[in-house]
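Biologist: Please take a close look at the cavities in this model, and describe what lines them.

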Amino acid sequence: MNMIPAEPVTREGFRSDILRHLTFTLGKDAPNASPYDWRMALSYALRDRIVTPWFASTRRTWEQDRKRVYYLSLEFLIGRILEDAAINLGLREIAVDAMSDLGQDFATLAATEPDAALGNGGLGRLAACYMESMATLGCPAYGYGIRYEHGLFRQAFDDGRQVERAEDWLAQKHPWEFERPESAYTVGFKGEVELRDGRARWIAGESVIASAHDTPVIGWRGKWANTLRLWGALPTERFNLELFNRGDHAAAAQPETLARTISRVLYPEDTTYQGKELRLKQEYFLTSAAIQDILRRYLSSHSDLRALPSKVSIQMNDTHPALAGPELVRLLSDHHGIDFGEAVEIARACLGYTNHTLLPEALERWSTWLIGNVLPRHMQIIERIDEDHLKANPRRPQHVGIVKHHEVRMGELAFVMSRRVNGVSALHTDLVKERLFPELHALHPGRIVNVTNGVTPRRWLRMANPRLAALVTEAIGAGWEDDLDRLGRLEPQIEDRGFRASFTAIKRANKADTARWIAETTGITVSPDALFDIQIKRIHEYKRQLLNVFQTIAQWHEIRENPNGNHVPRVKIFGGKSAPGYIVAKEIIHLINDVASVINADPKTRDLLKIVYPANYNVSMAERLIPAADLSEQISTAGKEASGTGNMKLSLNGALTIGTLDGANVEIRDHVGAETFFLFGLTAAEVVERRKDAEHARHAIGESQALQDVLQMLAEGRFSPAQRDRYHGIVDRVWNHDYFLVAADFAAYREAQKAVDAAYLDPDGWARKAALNTARMGFFSSDRSIRGYMKDIWDIDSAH
């Protein structure tokens with residue numbers, strides 16, 4: 001890639017850039033600048049250095065008329081940008097020195113940057129990793145999402161209960177984005193469909209403006225940059241002065257209030273009709289703005305829309321953007337006059353769908369009445385797509401289809417409208433074929449492919465764990481950051497006792513840092529010499545935080561009963577949020593905090609067992625906890641986790657895994673070796689068989705005295721003395737409705753935890769296993785994942 005090289009950046013020049021922005025962008029002088037001012041000036045100085053490769057990448061894409069990828073995702077959990085950008089530009093050391101010259105500490109300033117509240121969990125973090133890898137590989141791409149004012153929510157605990165508060169990440173100016181008021185599109189809702197001159201025409205009853213905000217995403221070494229375009233919703237009529245002058249001040253501002261509602265909160269509560277309507281509007285708002293933008297860009301240099309697939313590849317990250325298919329068909333057919341059937345084929349040739357879930361409730365279904373009311377033309381298009389698909393596939397079983405039982409099945413819609421459908425781990429892809437879409441797979445063999453997830457090593461090793469990154473570079477040299485398979489060269493080094501000692505010292509230093517942070521943020525004192533046992537992920541029944549806390553109670557009980565036993569000190573660290581309306585998950589959070597209150601205060605056990613649950617888990621917290629982890633809890637019910645990426649980040653940073661054969665755990669175990677993986681539990685096939693026995697939980701409880709003791713303590717209110725029946729619902733579900741097989745896997749999990757203790761008692765053996773995890777994780781780079789998408793789904797070459 002023959003791009004114009006940027007001028008070398010010097011410490012003095014960069015310092016001058018910072019001062020220039022402090023003065024002329026922020027209007028401050030150095031003696032009166034606040035930490036916020038310094039961070040903003042530093043951010044703008046770094047952003048300046050991103051703009052040159054960003055513009056160059058864009059120009060080259062236009063000049064070479066290259067195909068582009070458009071990645072549509074309702075979430076982009078990008079985290080903090082400042083340090084990540086500095087590292088990818090190769091300017092971190094210069095930035096550190098320049099800030100030091102100015103009397104400021106780079107790390108302290110970077111830690112004050114708000115996390116962009118644009119996602120919830122693995123789905124959004126994967127999208128962020130993929131955007132960074134596409135830039136690293138020189139794959140021309142746009143990411144499309146929503147610029148949420150308040151994101152998901154800021155989690156707090158009130159007497160152990162989760163409470164949700166509005167995120168305020170945009171209370172400060174976001175220095176990395178560029179407003180693009182010229183890139184604005186009208187997005188309609190409701191109204192009616194008319195037939196004019198033989199062509200359907202949708203007359204929207206409501207509308208908002210989608211206004212673009214662009215954030216450049218810089219790849220490794222600053223060679224290429226792509227664009228993350230986030231849409232904010234604005235009213236078509238900003239302010240009704242006539243109503244205001246009449247004295248109806250609230251009504252005058254109502255259009256703006258209604259518009260901002262669309263881009264205000266990620267995943268609004270949808271247990272009411274109003275909530276469902278807002279969710280659907282959000283999804284259409286994203287897809288309509290994106291598709292309009294894609295077509296505008298294509299038509300600015302091409303005239304034949306039939307050639308669209310040769311220049312455009314649109315990836316739908318889960319079912320949230322599934323309306324991209326009907327929207328593209330609507331624009332091609334209704335606005336550009338292309339025959340409906342041909343419009344469907346053009347759209348299908350452009351679209352790809354990544355499935356992220358095997359949970360039926362997570363595969364969105366909207367009532368036909370709701371879609372017909374909010375998007376009347378799209379309802380017609382969806383019904384016709386379904387009818388045409390049935391005509392083209394007369395062998396399609398009666399129960400299969402997009403529109404069934406007065407519902408629109410968004411997973412089936414995404415499948416039918418996509419050229420390729422991919423799973424995100426080998427096991428998950430097999431289950432998508434066998435369980436999720438077996439009939440559609442039979443009708444369209446070869447459409448489903450696998451691309452196992454990955455994580456970017458630039459953020460999740462180089463930035464998050466600088467001590468370990470330095471040891472890796474010292475051992476095998478530079479270059480592993482964009483060629484993670486080179487980590488395999490560590491294996492001979494691991495046989496050296498001195499290397500293992502260095503690896504262990506780094507892990508302990510990371511744990512000591514985390515222990516200080518835990519004390520500062522929670523008031524809980526933990527020892528860095530204890531085993532740090534970490535489960536950080538969305539709170540959901542299938543992820544089985546309940547299994548973890550049950551085992552923790554059992555361990556506490558065992559220590560109390562046998563205080564002189566050879567117990568390994570443990571710090572159990574939880575992190576994660578529950579959806580606001582997910583009552584069972586919030587009950588599990590309350591239980592974890594109640595158990596923590598009792599165990600952490602117990603003088604008999606507190607030197608051997610502690611529970612820590614910091615509130616408001618996010619990317620920055622993950623970057624702190626993952627390098628300190630000894631044990632990675634990946635204990636989902638087999639057949640439920642699509643892939644996971646936290647498992648990859650933790651293994652990459654030298655944590656051993658305790659887990660089931662679920663999601664990407666299967667491939668991780670294959671790569672790191674069975675001897676470094678504490679396997680337990682039923683397989684996906686065994687889970688299906690076990691559920692056929694209606695008494696499976698009762699049998700498992702009857703065979704485990706430890707589990708009986710745990711359930712008895714909960715039933716007696718041992719951890720909720722002020723409300724002794726607080727957890728009777730949990731006890732009842734485990735006895736009678738244990739769908740996620742907590743009871744069935746409890747005994748095996750407990751035995752696996754004993755194996756963990758035994759292994760940890762051999763510090764050198766543990767160090768060897770931990771280092772092998774790092775050395776054998778090269779496969780799980782998001783660069784490898786993106787190469788797979790480029791080859792098998794997008795049919796696009798690197799610009800490098």
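Modeller: What follows takes the cavities in turn, with their linings. The model is predicted, so that local features need pLDDT of at least 70 and side-chain atom pairs count only at pLDDT 80 or more, whereas totals for chains, interfaces and linings use all residues. Residues are numbered from 1 along each chain as its sequence is written, and side-chain values use heavy atoms, with hydrogens and water left out.

A cavity here is a set of points, on a 1 Å grid over the protein atoms alone, where a 1.4 Å probe fits but cannot get out, and its lining residues have an atom within 4 Å of a point. Grid points are joined across faces, edges and corners, and a volume is the space filled by probe spheres set on them. By this rule there are six cavities of 30 Å³ or more.

The largest cavity holds about 240 Å³ of space, and of the 16 residues lining it, Ile-78, Ile-81, Asp-84, Val-217 and Arg-459 are the closest to its centre. Helix 3 (82–89), helix 6 (122–136) and strand 8 (206–218) are the elements giving two or more residues to this lining, where helices (H or I, at least four residues) and strands (E, at least two) are DSSP runs numbered from the N terminus. Its lining comprises ten nonpolar, two polar and four charged residues, with Ala, Val, Leu, Ile, Met, Phe, Trp, Tyr, Cys and Pro counted as nonpolar, Asp, Glu, Lys and Arg as charged, and the others, Gly among them, as polar.

The second largest cavity holds about 100 Å³, and Asp-65, Arg-66, Arg-68, His-302 and Lys-311 are the closest to its centre of the 13 residues lining it. Helix 10 provides the largest share of that lining, three residues.

Key:
On a 1 Å grid over the protein atoms alone, a cavity is a set of points where a 1.4 Å probe fits but cannot get out, and a pocket is an open set with protein on both sides within 12 Å along at least five of seven lines; lining residues have an atom within 4 Å of a point.
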